[in-house]
Amino acid sequence: MSELINPLSEEEIAAIEAEAAHLPERRSAAIEALRIVQAKRGWISDESLGAIAHQLGMSIDALDAVATFYNLIFRQPVGRHVVMYCDSVSCYIMGCEAVKARLCHELGVEPGGTTVDDRFTLLPTVCLGACDRAPVVMVDETLYGNVSADAIQELLSDHD
Amino acid sequence: MPTIEVDGVRYEVREGANLLQACLSQGLDLPYFCWHPSLGSVGACRQCAVVQYKDEEDTQGKLTMACMTPAADGTRLSIDADEAVGFRASVIEWLMLNHPHDCPVCEEGGECHLQDMTVMTGHTVRRYRGRKRTFRNQYLGPLLNHEMNRCITCYRCVRFYRDYAGGRDFDAFGSRDRMYFGRAEDGVLESEFAGNLVEVCPTGVFTDKPFSRTYTRKWDLTSAPSICHGCGVGCNTLPGERYGALKRVHNRYHSEINGYFLCDRGRFGAGFVNADGRLHSAGLRRDDGSFDPVPPDEALRRAAAAMANGRVLGIGSPRASMESNFALASLVGREQFCSGFADYQAGLMAAVVEAMAGPAIHVPTLQDVEAADAVLVLGEDVANTAPRLALALRQSVRNESFAAAADASIPVWQDAGVRNHGAAYRSPLYQAAVLGTRLDDIAEASVCCPPETAAELGERVADQLGQRSGADTALSDDLRDFAAAAAQALGDAKRPLIISGTGSGSAAVIRAAAAVARALAGGERDVSLCLNVPECNSLGAHLLGGGMTLAEALTSLEQGEADTVIVLENELSRRAEAGRLTAAVERANVIVVDCQEGWTPEHADVVLPAATFAESDGTWVNYEGRAQRFYRVFPGRGDCAPAWQWLTRLARTAGQEFAERLAGFEHVADVTAALAREHAVFAEADDAAPEAGLPAGLRVPRQPHRYSGRTAMHAHVSVHEPRPPADTESPLAFSMEGQQPRDPGVLLPFSWAPGWNSNQSVYKFQAEAGGALRGGPAGVRLDVTRAAAGRRVEAPAAAADRPFRALPLQDVFASDELSLHAAAIRQRAAQPYAVLAPADAQGLGITAGSGVRVVSGGVTVSLAARIDPTMVSGAVGLVEGMTKGLFVEPGMGVDVSADPDYVPPSDGVIARG
Amino acid sequence: MTEDAENKPLSARITAAGGFVDIDAYEQGGGYQALRHAVTAMAPEDVTQTVKDANLRGRGGAGFPTGVKWSFVPMGDDAGDGVKYLICNADEMEPGTFKDRYLMENDPHLLLEGILLGAYAIQAPQAYVFMRGEYHLAARRLEEAIAAAEARGYCGKDVLGSGFSVAVGLHRSGGRYLCGEETALLNALEGRPAQPRARPPFPPASGAWGRPSIVNNVETLCNVPGIIRHGAAWYQQLGRGEDAGTKLFGASGRVRSPGLWELPMGTPIREILYDHAGGMQDGYAFRGLLPGGASTDFLVEEHLDLPMDYAAIGNAGSRLGTGTMIVVDDSVCVVDLSRNLQHFFAQESCGFCTPCRDGLPWLESVLADIEAGRGEPGDLELLDRNAHYIGVPGHTFCVHATGAMEPLASALKYFRDDFEAHIRERRCPHRQHGLRREPI
């Protein structure tokens, strides 16, 4: 491990250290660290995983156990934008299946897939806490409520 | 004792147990998966559900997990209630949704806990209509197979490997019904305890890779109680045989030593029994140096002829049985007998026995080690010299967290609760070793220093504890602080433990450890001193003693004072410098009794093939001074026979005078009895092999009653079923017929009980689940203080007359001579290496992984460089067993240089010769 | 004080501000006065006692009395080195629930003041907000709120000169429903997979990093400033029935005006459904509702006059849960809805214990079979039996699967005809050509 070339940027290291600073154990910053690196790189590669583990003084295995447990940590590459449609109960009642079908059609991928141009990755998500506006879709950090199948095309066009 | 009521029957149970333990301890059948006596309870599998009632009036009850519920006085429960029976059947149904129906091709089949529990709960029909989940398996190295599709997600593997054994390269990945147990990426499992996954896993996810190559079902194995050959700890094992080969080794439960776990050196190293280099026939050396296999009688005649004239010496062995050593000592006479240690080793052993025999010194069992609340490890790299001891130390540091848990009303068996609550609490372990060790992660403080500094450090700790003002010391401030902290921790402890041993190569270290123990003794403390010894019978061989040292024996041969030497199971090239050996054997008649090719048999005139532990009965004495009996697993191929038998036959061939010395040595028991009569220290040695206590004519079968193929397995030779070999040496039989004693103690050749085909069945033989075997823990502790004050061998300090001095290191997979003959261990072992300090390496132009040439006494070895900042400069760390041909005496001077011609051996294979 | 501010302590400021309440607006509405009063004039134990007297019960779903929970924390000399944690569970992920997001996005200082009061009550030097990873705006607002409050001396070192210090940190979740479970949250906070922990130890004695820890829901903590400011009696009288205070009630599904309303505890379901949510949309008829999120049992027409309080809903065989109801109309196939719910619970199982990990996906697949016309006789008995074995508290390691079985067991009870019709007809009566029936 000591010979590992640390591919984390100074900015990433600083951000990880800032998180670790207010926690009693360095390894407790694991999830934040994964989020920080993913925010910059879109996903967590094996190299990133090793570098973060090294930074936090934990084994790669222990960190991967964390990374593979959580829904929002991607261990595979994703597109430039991540489109998440809610498939939980309120959105289901309000017709999320039609939204999903249209998303798949427009993007030409099944849930979990990434478009050939690497622009979008389509993922289902659990309830986004906007059930009064169901069905909802979130693209990156933007939440869309009362989404109809017909609005999908326009919604996607917001994101290059 | 609390009383609980199970299905209307009252039982007295142990205070502090959980309901599952309590039920199992009564011999009741209650299915479970995730609970393990050594790993505790986590409540993951939900298999051990019972119905618990609030009080006498409650008829409804509530389903509860037995493993997570204290067995409090007055608890009423039912295993048989419909709700519990139905729920447990459902748990199996859920587990079987994804479990493949591949039992016929699964190595676990026939000893699978999941199979047993499935049958026990009555789940017979599959209702699930979906597809089964599939995973990709991983390459985990040469020792283990991985078949994740079979996983039932009980978490035992990760709890053993990561939580119990401290492994870092294994975890539980993913979530929901896609939990994956393995490594972050393919690769060799780093932990030397990985092999335990085979037994910890309740089904066939982790299986024994060497075993699976020539696989046999458990019910077709012939097994016998045995002892591990791998180090001085003396773990109890269950080797299994079929078709004349050792198939595999399983753990044999011993409450005071190995418990449920072995190390991989022992488990897989036993494969040496099948090695290509085994000697199966007697042989004579021709004048041209080649060997002729000859009938045993001819070899014996030749050997006897050599003994007829002149003086005969005997060189014994720390890896041969007491019986064989004693037979040799008796044959040649004590004054002509050397116990087979290198002189420096004999000096270390003398220091060990002197320390053990000291007043008020308690030598701990591994169970005692686990109970220690402060530990000082002085100069011994236990993870490499006695791995099972290191695993016990890993548990000892948890004691403070158990105390903290008790304060918080968390039962000790509630494993996750104890770990979560107690993460911040750790009993102190202080460690001084040449390099960093695999216990660094649990040490309160660790220092790396050469042995003389470790000795000084130990004396300083003793001084501080004894409030003696010690001699002025050259110790650095850091080391003084370390000593002060260690002294404080040990002084504050109730059960302090000092660990040292022969690994450092320094008697001063051993004496310093003893001094610390003495300084602690007295008062309310239970002080333990654990001194590790290198080989399976080191202590026994040393206690037997002899009239001469190895150097004296060699000199005597070289100078013609003796003409003949009988070498018993001893690879002398590991004990003495090559030049001296050659000079000695060239002049003498050399008779070698051994099991394996090597330098010594190659230089013998007569070779007599010895049976290994698996093919013979005998006694070894472990580090505690515990005499333990190993029983023959199978008769062995060709002419090989227990060494003591060869010696007896040789004595008879050599004429009356010799024959009388071994008169009455018909059976192994005769030899043990004679040993017990003649040596006070071995007075109880024959108690290690108790009677079975069965009705007359009944024996303890080595084969399960489902053993198959007996009528067919030799049909290609003869269609007549051969009579099973008779066992004249033990209460065991080489057949399925007989009876297992109710209180088996040592006489438990395999663990099986109705409905329990897996190793989990051992609870049926325990006084309580996870406790001692009924019939008592195997072996008998000898009173080491009775040892005749053997002459103390003060080996002259090796001359440090060259630029570098050699510091001995050990490697778990490379340092044991016999294990390295096992193919699996050769694959697992690292490439031979030497360790240098960074500055020294730089000065010599050596980089990590490049070649290092080490020269001494005209012998050169080439090794891969490891550069370690914790190495002291001016020294080179040489690993025992990795310097083939070069005898390394601790502290001796060697020349070290870069080896530009170095070619690393092909991956993972130790260079031979 | 306006009537609204008096009767709607959670939402009045937001309504008045027309949305986001910044620190100035918060102070102007009396914000941080409770904190000032507590740290300068009240002993920590008095704060706990007041919350106990107010009978504030956890708003995350379980309804445990908050003050009682706080009182389990070792205080004074019993507290060892004094390291303790007040943790706000802001991992809102219960399907159909959208109340905590509303509070955090719009009035972050209300939550922060509640956290600070809680930390003061248990004398915790460190507080953490464990926030849903997808709540980006809420996270920003809360971070800004913490900074603003620190600048004005409300948190950080020496709060308002009282000598009490507390740091507030924000943890953003990696995303997992189980994180909402108190002990799983602790594991997640420690940077481990969010699998629940065994009890004992209970978190107030030994929680995060083995230290005493209190985990409270966002809405729960948002109630605390009002209680401290106006007193327990005031809070008690806010409720319409036995339960004290107000609650954010919500409705989603095919109602005319889905939304969230702060109403007294004990407001009848019918009032929420018809007066506030406007009743069913045209062309859709009411079939049932899940009163407090996906993990609560169905209630049907006969239950509409029940007050939304812990006891009444509990007696009807369901749970108040989060108080945000999911309304099911007649266009929805209850079998497929049940499959959707089980899909959620199966996906979000942490993988620790067998019934949940392996049982839930099986039930999902059986429901999918029934929905697809592949149901077989015996399937309903299989579902019944499993719903019992998985659903009874204590059968599984935590309550995740217990919650999963609530809507399934109750659907099997109230809508059995639907299930039977699917099996009998070997098709979904609601589906034609694979699509859901459109409204009439």
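Leaving aside its neighbours within four places in sequence, which residues is B:Phe181 in contact with?

Author: Happy to. Please keep in mind that this is a predicted model. Leaving out neighbours within four places in sequence, B:Phe181 is in contact with B:His146, B:Met148, B:Cys151, B:Thr153, B:Tyr155, B:Cys157, B:Val158, B:Phe170, B:Asp171, B:Ala172 and B:Phe206. B:Phe181 also belongs to the largest nonpolar core, a set of 201 residues, and together with B:Phe160 it touches the most other members of that core. There is a second, separate core as well, with 155 residues, and B:Leu284, B:Ile499, B:Ala512 and B:Phe665 are among them. As background, nonpolar side chains tend to be buried together in soluble globular proteins.

From the nonpolar cores, let's turn to charged pairs. Side chains of opposite charge can pair when their charged atoms come close. Over all chains, the count is 86 salt bridges. One of these, in chain B, joins the side chains of B:Glu256 and B:Arg626 at 2.6 Å, N to O. B:Glu256 sits in the loop between strand 13 (245-251) and helix 7 (264-269) of chain B, while B:Arg626 is in strand 27 (residues 626-630) of chain B, so this pair ties together parts that are 370 residues apart in sequence.

B:Asp901 has a relative accessible area of 58%, so it counts as exposed. B:Arg853, at 27%, is partly exposed.

C:Arg416 forms a salt bridge with C:Asp384, with the closest N and O atoms 2.7 Å apart. The pair links helix 19 (residues 416-425) of chain C, which holds C:Arg416, to helix 17 (residues 379-391) of chain C, which holds C:Asp384, across 32 residues. C:Arg416 is partly exposed, with a relative accessible area of 22%, and C:Asp384 is partly exposed at 31% relative accessibility.

Some charged residues bring chains B and C together. A network of salt bridges links B:Arg129, C:Asp369, C:Arg374, C:Glu376 and C:Asp379. The size of an interface is often given as the accessible area lost when the parts come together. For chain B and chain C, the buried area is about 3100 Å², 53% of it on carbon and sulfur atoms. The contact takes 36 residues from chain B and 41 residues from chain C. If you'd like a few side chains to display, B:Trp94, B:Arg129 and B:Arg176 supply 25% of the area that chain B buries against chain C, more than any other three residues.

Between chain B and chain C there are 3 salt bridges. Among them, B:Arg129 meets C:Asp369 through their side chains at 3.2 Å, N to O. On the side of chain B that touches chain C, two or more residues come from each of strand 4 (62-65), helix 2 (82-96) and helix 15 (415-422) of chain B. Helix 2 of chain B gives the most, with 9 residues. That side of chain B divides into 16 nonpolar, 11 polar and 9 charged residues.

Finally, chain C also meets chain A. About 3800 Å² is buried between chain C and chain A, and carbon and sulfur atoms give 54% of that area. The contact takes 58 residues from chain C and 40 residues from chain A. The count between these chains is 3 salt bridges, including one where the side chains of C:Arg339 and A:Glu97 meet at 3.7 Å, N to O. There are also 24 residue pairs in polar contact across the interface of chain C and chain A. Several elements of chain C each supply at least two residues to the side that touches chain A, including strand 2 (126-131), helix 9 (136-151) and helix 15 (334-348). The largest share, 8 residues, comes from helix 15 of chain C. By class, the side of chain C that touches chain A divides into 24 nonpolar, 17 polar and 17 charged residues.

Conventions:
Residues numbered from 1 in each chain as written. Chains lettered and ligands numbered in written order. Predicted model: local features only at pLDDT ≥ 70, side-chain atom pairs only at ≥ 80, totals over all residues. Heavy atoms only, no water. Core = buried A, V, L, I, M, F, W, Y, C linked by side-chain atoms within 4.5 Å. Buried < 20%, exposed > 50% of the residue type's maximum accessible area, 1.4 Å probe, protein only. Contact = heavy atoms within 4.5 Å. Buried area = accessible area lost by both parts, 1.4 Å probe. Salt bridge = Lys/Arg side-chain N within 4 Å of Asp/Glu carboxyl O. Polar contact = N/O pair within 3.5 Å; in protein donor to acceptor, adjacent residues only side chain to side chain. Helix = DSSP H or I, 4+ residues; strand = E, 2+ residues; numbered from the N terminus. Nonpolar A, V, L, I, M, F, W, Y, C, P; charged D, E, K, R; others polar.
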